[in-house]
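Reader: I would like to go through this structure by question and answer. Please keep to what can be computed from the coordinates.

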Amino acid sequence: MTVQARIVAGPLRIERPFGLTGGGCGAAVEFQGVVRDSEDGAPIAGIDYECHARMAEAQLCRIAQQLASFFDLEELIVLHRVGPVPVGETSLYVRAIATRRHDAFVAVMELIEQLKRDVPIWKHPMPARQGDT
Amino acid sequence: MRVEILLWAQMRLAAGTERIEMELPGGARLADALDALYRLHPVLAAHRATARAAVGDEYADADVMLHDGDEISLIPPVQGG
C-alpha cells in the first residue's frame, strides 16, 4: 500500500503516470479540484490558500492512512497546493487505486469530505483586476 | 508555564498578529488558556463558537492538560479543496 499526503507550494506535478495499477487492481480514480473564476458571485483572479502546513500535512496523512487501510487501497495520493493559485489551475489532486471501483470512488469522496472538515487550509480570493474578465 | 497560541485566517486578521504568548498557572487545561485568551483579546471572542483548538498538530478537547511550551492553534472553519 502506498500512501502519500503532501502540502505543496507551487504548481502540482504528478510524479507517476496515471493508470499504472498492477495486476490485482481494476480501478484508478483521479480527482482534480480546480480554481473557478468567481467566488460568491464576484469575479476573481485566483485563490491564495493560507495553510497551517505542519498540522495540515499531519491531518492529511492521518486521513489518508485511515482511508487507505479501511478500503484496502493499493495507492492513495493527495496533494494540496497552497499560496496563490490562478483561476483554472489545480489546487487539489487525489488519486485512489483499488481492486474495485466502488472502494476507489468512495475513498476519494470521503477523503475530500474529511479534508474540508479537518485540514487547516483557508481561502483568500484574489480580486480580478479590471479587464481580467 | 508558558504556552504559545497561533492564530489563523480571520482570527489572525482580527487580532493583527499570528501568535500570542500566554503565562498560565501549572495544571492549566486548554479551557483555561482559551478563557484567558478571549478575556484578554475580546476582538477574538466572536470566533469562540466556531473555532476549534489544537495542541501541537492534533485537535484537542477543552479538558486536555497543558504543558510548558505547548503550541495551541485556533482553527476557524477550514476551506480547503
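Author: Two residues are in contact if their C-beta atoms, placed from the backbone, lie within 7 Å. The model is a predicted one.

Reader: How are α1(A) and α2(A) oriented to each other?

Author: Helix α1 (residues 53-70) and helix α2 (residues 101-118) of chain A pack with their axes 10 Å apart, at an angle of about 155°. Angles over 145 degrees count as roughly antiparallel. The orientation of α1(A) and α2(A) is therefore roughly antiparallel.

Reader: How many residues of the contact of α1(A) with α2(A) are nonpolar?

Author: On the α1(A) side the contact is made by A:Gln59, A:Leu60, A:Ile63, A:Ala64 and A:Leu67. The α2(A) side supplies A:Ala107, A:Glu110, A:Leu111, A:Gln114, A:Leu115 and A:Asp118. Of the residues in this contact, two are polar, two are charged and seven are nonpolar.

Reader: Is A:Pro84 exposed or partly exposed?

Author: A:Pro84 lies in strand β5 (residues 75-86) of chain A. Leaving aside residues up to four places away in sequence, A:Pro84 touches A:Gly46, A:Asp48 and A:Met126. A residue is buried at 20 or more other C-beta atoms within 10 Å, and exposed at 12 or fewer. A:Pro84 has 16 and so is partly exposed.

Reader: Which elements of chain A each supply at least two residues of the side that touches chain B?

Author: The contact between the chains joins 16 residues of chain A to 10 residues of chain B. The chain A side divides into nine nonpolar, three polar and four charged residues. The elements of chain A that each supply at least two residues of this side are α1, α2 and β7 (121-127).

Key. Residues numbered from 1 in each chain as written. Chains lettered and ligands numbered in written order. Predicted model: local features only at pLDDT ≥ 70, side-chain atom pairs only at ≥ 80, totals over all residues. Axes fitted to C-alpha atoms, helices over the stretch in contact; angles between N-to-C directions. Helix = DSSP H or I, 4+ residues; strand = E, 2+ residues; numbered from the N terminus. Parallel < 35°, antiparallel > 145°, perpendicular 65-115°, else oblique. Nonpolar A, V, L, I, M, F, W, Y, C, P; charged D, E, K, R; others polar.
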